[in-house]
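User: I am new to this structure. Can you take me through it in short questions and answers?

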Amino acid sequence: GDLAEAMPALEAALAALDTLKPADITVLKTMQNPPGPVKLVMESICVMKGIKPERKQDPGGSGKMIEDFWGPSKKLLGDMKFLESLKTFDKDNIPAANIKKIREKFVDHPDFQPSVIKSVSSACEGLCKWVRAMEVYERVAKVVAPKKERLKEAEGELAVQMQKLSVKRAELKEVEDRLQALNDTFEGMIQKKKDLEANIELCSQKLIRAEKLIGGLGGEKDRWTEAARLLGIKYTNLTGDVLLSSATVSYLGAFTVDYRVECQREWHKLCSEKNIPCSKDFTLSNTLGNQVLIRSWQIAGLPVDSFSTDNGIIVSNSRRWPLMIDPQGQANKWIKNMNKANKLSIIKLSDSNYVRTLENAIQFGTPVLLENVGEELDAILEPVLLKQTFKQQGVEYMKLGENTVEYSSDFRFYITTGLRNPHYLPEVAVKVCLLNFMITPLGLEDQLLGIVAAKEKPELEEKKNQLILESAANNKQLKEIENKILEVLSSSEGNILEDETAIKVLSSSKILSEEISEKQKIASVTENEIDETRMGYRPVAEHSSILFFCISDLANIDPMYQYSLSWFINLYLHSIAHSAPSDDLQVRISNILDHFTMRVYYNVCRSLFEKDKLLFSLLLTVGIMQGKGQVDDLVWRFLLTGGVALENPHPNPAPEWLSDKSWSEVVRASQLPCLEGLFEHVQENITQWKQIYDSGHPQDEELPGKWCAVVGMERMVVLRCFRPDKLVLAVQQFIVDNMSRTYIEPPTFDLAESYSDSNCCSPLIFVLSPGSDPTAGLLKFADDLGMGGSKTQTISLGQGQGPVAEQLIRAALTDGTWVVLQNCHLATSWMPTLEKICEE
């Protein structure tokens, strides 16, 4: 602290010395007669350094000898290391005599002040500061010196004590090191204990997990072992199965169920002959079908029979867009329901903007349904059908007419036609996947059973539908769980017992799987109970399905006789609602069947030409009998065709009245099991058979000999051979015997009843013979219903009248009035427009 007081002056002096330059020293050295302050400063330096003065005569003339410091000063200034000597001056050992002189002679001298000296010489100012600083330092050092001495003594004592301390510290260090080694050993043991405890815990968890895993997957072992075995068999048979599936998808889509089965059977036989491995019970759904997906299709409206299921599989697996022959609208309904959530666009070739709709769908990847196509497709569709895309800068495009649109891989295209038996040219057929969606008896039966059950037992049918949906969801979930289990097992790395997450997934999956399986069992029992109740109404569905296919056969008689499934189902619903009720199931079924059969007969007869009504009654009768197994198909075919004409080896026994054609038919009829030996009996009893030939009422005569027992269709076959002119009367009697007299007495046309069967979306079409005109009767009927006068608009179609008729219909739509279009046959070009109006 004392030294600190001296340090600023000392530092200032040294700083002043640093500012001095050799030139300043040289200036001082060359002074001949220096000023007093300069001499005073140089003298003080000489005293400080202990330099003796020169003795010389007093220049003032006193004659005395005086001490002169200027000479030694010049010598001192002449020393090159003068400034360096000042900086390195030993300030701690200044002689006492020197410092005493400084204090006595210089410190208090008025001229020995830096400020005074500065005015004379800046160099001497620094030297003055140095001298004064040395004096101050020496004065302070006298105070500090005893303290330093005491410090030295104390430091000596400290060194001794520190040496002792070092010894003690070394001893302490040794003890601490020993303690640390013991601590390290202790910590190691504790860690080992923890590891052992953790290992025990892990082993316990592994044991629990292993039990869970064994419990969870134990039940799966048998099922998966069996699945693995079946997959092994499937893998072996894959070659043939895929070959048959590919052939079915590629070639059989357009054909009927019988022809498909026949082809598959022949191909299967061929595979066996060529030693190509394939499943014994090959089906398309077993090879390419996904049961969860198939169930979702059925929920969306695909009929449940295997034929329709195969169609669905072909649609989903074919590389070409499907063109579905769909006279009953089944495929239409299915496609619409299946793609309801996918923004399905529905177009027709008659739409003015259908190309724009198609372009948007292609670009945004949404599905399109093209309805009601004919036997020719628009040429603009060719790039879509052939999937003619090209890449540009990594993006896929398609050229549609004049426009180029971006092609999305999500785009789907479906085509349906209402034609029953269209003929597509090869150039169209190779661009699409032709599919026959005509309804099968089994598919229709199931639909009709569902309808009658829903009407008769609505709560059961609702429960049944709910179970179907739940079952589909459960099957889907089970499949997902199985995939999840397999994924966890395959992706788990290392020991699976150490993977807590994997075990949790497996355990929860197994629990869920068991819950779902249990639900499935309960649902299966419930479904069987419901099915038993539903199956009580099976006769209604079977009978009604037979009626529909009898009606469908009418198209073979005249292409005009075509009836839609929706019309048939509406009629079916009407009969269920209006037939006589009964608590007895058998009576109720009988009431529905009688009422529906009669309604079908009346409705269809209304639209038949007079000449075809009896034929329809016969078809109806035979169809119903075939359903009951009461008709021999060989006999029925013979009644229709007379058999295949071959060369007859047996000579005609009575050519004078029996024609060769009739005799040939008799011989061919004898080949039928029920008429075996007929031609021999005719040969032997020609006179008796001539009586039948000559009779005015051969249909009522008793046949000769043992043939008197022949009845029904076999009797008609015999009558056909001898008296085909009386076959109509025999057919009428056959219908009366098996149905009732009602079915040979067609109802007269009743406009009121026809009107009640129609609705605002089902127009009535009058097919007229030349000369007949129902207009007057129609207008009177309109008056009776309060729709006469201005409420019924009549227009005769012809050249240019189409747009006028369209305007009338548009007005009538909003006003709720009637429109009568006459002479439609004169405006065939406008009929597609009328069809579109009706559809909309």
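User: How many salt bridges does the count come to?
Analyst: This is a predicted model. A pair counts when a side-chain nitrogen of Lys or Arg lies within 4 Å of a carboxyl oxygen of Asp or Glu. By this rule, the number of salt bridges is 22.

User: Which residue meets Lys431 in a salt bridge, and how many residues apart are the two?
Analyst: The partner of Lys431 is Glu382, with 3.2 Å from N to O. Lys431 sits in the loop between α16 (426–429) and β10 (433–436). Glu382 belongs to helix α15 (residues 382–385). The pair, Lys431 and Glu382, links distant parts of the chain, and the separation is 49 residues.

User: Is Lys431 buried or exposed?
Analyst: Buried means under 20% relative accessible area. Lys431 has 17%, so Lys431 is buried. For Lys431 itself, the class is buried.

User: Which helix holds the Glu753 that pairs with Arg599?
Analyst: The side chains of Arg599 and Glu753 form a salt bridge at 3.5 Å, N to O. This pair also connects distant parts of the chain, 154 residues apart. Arg599 lies in helix α22 (residues 585–606), while Glu753 lies in helix α30.

User: What is the relative accessibility of Arg599?
Analyst: Glu753 stands at 25%, so Glu753 counts as partly exposed. Arg599 counts as buried because its value falls under the 20% cut-off. That value for Arg599 is 12%.

User: In the salt bridge of Lys611 and Asp612, which residue is buried?
Analyst: The two side chains, Lys611 and Asp612, meet at 3.2 Å, N to O. Lys611 has a relative accessible area of 65%, so Lys611 is exposed. At 5% relative accessibility, the buried residue is Asp612.

User: Which residues are linked with Lys336 in a network of salt bridges?
Analyst: Here the salt bridges form a network. Lys336 is one of its members.

Terms used. Residues are numbered from 1 along each chain as its sequence is written. This is a predicted model: local features need pLDDT of at least 70, side-chain atom pairs count only at pLDDT 80 or more; totals for chains, interfaces and linings use all residues. Side-chain values use heavy atoms; hydrogens and water are left out. Helices (H or I, at least four residues) and strands (E, at least two) are DSSP runs, numbered from the N terminus. Buried means under 20% relative accessible area, exposed over 50%, partly exposed in between (1.4 Å probe, protein chains only).
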